[in-house]
Amino acid sequence: MAPDLQPAAKAAKQTSASTKRAVARRRRRAAKLFRHDRQLGSRFVAGADEAGRGSLAGPLVAAGVLIDYERLTLRDRRALGLLDDSKQRNAEEREALYPAIVRAAARVAVTVRCVRGIDSRGLHVTNLAALARCLERVAVPGAICLTDGFRVPRCQVDHRAVIDGDATSAAIAAASVIAKVTRDRYMHRIASEFPVYEWDGNVGYSTPEHRAAIIEHGPSPLHRRSFASIAYSQLRLG
């Protein structure tokens with residue numbers, strides 16, 4: 001038996017080493033996000049981001065997170081050791097990060113905008129207003145406020161746009177996780193009411209199966225009619 005066990009043991013050891021290296025890379029990435037925010041020179045750093053901007057169905061969810069670096073504990077930093085842009089983490093990892101962010105943050109705000117509001121006001125206008133609302137709810141005097149990618153007109157707090165912010169700033173990355181998890185949870189809950197669209201898997205985004213279901217069954221009340229995408233224009237939903 002011994003000769004047969006040796007290759008298996010070697011493979012297990014290599015897998016373990018590979019996993020450790022991957023975790024170490026992720027922790028270095030998270031440390032870089034925190035280092036970016038700390039170098040801004042403020043005790044308070046707030047970030048805002050959204051989820052659902054590019055989906056065919058479901059709400060737009062924006063989130064704001066305020067980090068107080070004078071109160072952020074070593075335990076908090078360790079719990080957020082795998083923090084990153086929500087798109088770089090799978091659903092299980094995002095769910096694990098969600099409570100850690102809520103515990104570590106000084107303030108967390110979530111703004112949800114429904115499908116009919118998106119259709120009536122327009123996606124971009126709705127997105128900007130939601131991001132502004134989140135920043136305004138979490139900002140405190142002296143805080144440096146950050147948004148992902150672009151500035152937000154008519155926001156009542158001064159802020160800076162950070163290109164690829166969810167992969168650069170810890171505060172924005174934290175907001176991206178909060179927004180993504182909040183929206184995904186809703187889409188999973190509502191999926192059973194509209195099973196033909198398989199929202200428990202695609203959470204409202206465009207997939208071949210999702211588009212085929214819309215063609216076959218028509219749009220649901222939670223589908224956006226105004227969404228200007230190639231996929232939607234091909235469906236000719238009007």
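**View A. Arg185 over the ring of Tyr98 in the predicted model.** The charged end of Arg185 lies over the Tyr98 ring, at 4.3 Å from the ring centre.

**View B. Arg77 over the ring of Phe34.** Here the charged end of Arg77 is 4.6 Å from the centre of the Phe34 ring, over which it sits.

**View C. The largest nonpolar core.** This core has 32 residues, and those touching the most other members are Phe34, Val65, Ile67, Leu80, Leu83 and Ile101. Two or more residues each come from α1 (2-38), β1 (44-51), β2 (60-68), α3 (91-104), β4 (144-148) and α6 (170-191). The largest contribution, ten residues, is that of α6. A separate core of 22 residues includes Phe44, Leu128, Leu131 and Cys155.

**View D. Surroundings of Leu83.** With neighbours within four places in sequence left aside, Leu83 is in contact with Ala30, Leu33, Phe34, Leu97, Ile101, Ala170, Ala173, Ala174 and Val177.

**View E. Aromatic cluster of Phe194, Tyr197 and Trp199.** Three aromatic pairs are found in the whole structure. The pair of Phe194 and Trp199 is tilted, because the ring planes stand at 45°, with the centres 5.3 Å apart. Tyr197 and Trp199 make a stacked pair, with 15° between the planes and 5.4 Å from centre to centre.

View F. The relative accessible area of Trp199 is 0%.

Methods: Residues are numbered from 1 along each chain as its sequence is written. This is a predicted model: local features need pLDDT of at least 70, side-chain atom pairs count only at pLDDT 80 or more; totals for chains, interfaces and linings use all residues. Side-chain values use heavy atoms; hydrogens and water are left out. A nonpolar core is a set of buried Ala, Val, Leu, Ile, Met, Phe, Trp, Tyr and Cys residues joined through side-chain atoms within 4.5 Å. Buried means under 20% relative accessible area, exposed over 50%, partly exposed in between (1.4 Å probe, protein chains only). Helices (H or I, at least four residues) and strands (E, at least two) are DSSP runs, numbered from the N terminus. Contact means heavy atoms within 4.5 Å. Rings of Phe, Tyr and Trp (its six-membered ring) pair if their centres lie within 6.5 Å; planes under 30 degrees apart count as stacked, over 60 as edge-to-face and the rest as tilted. A charge sits over a ring if NZ of Lys or CZ of Arg is within 6 Å of the ring centre and within 35 degrees of the ring normal.
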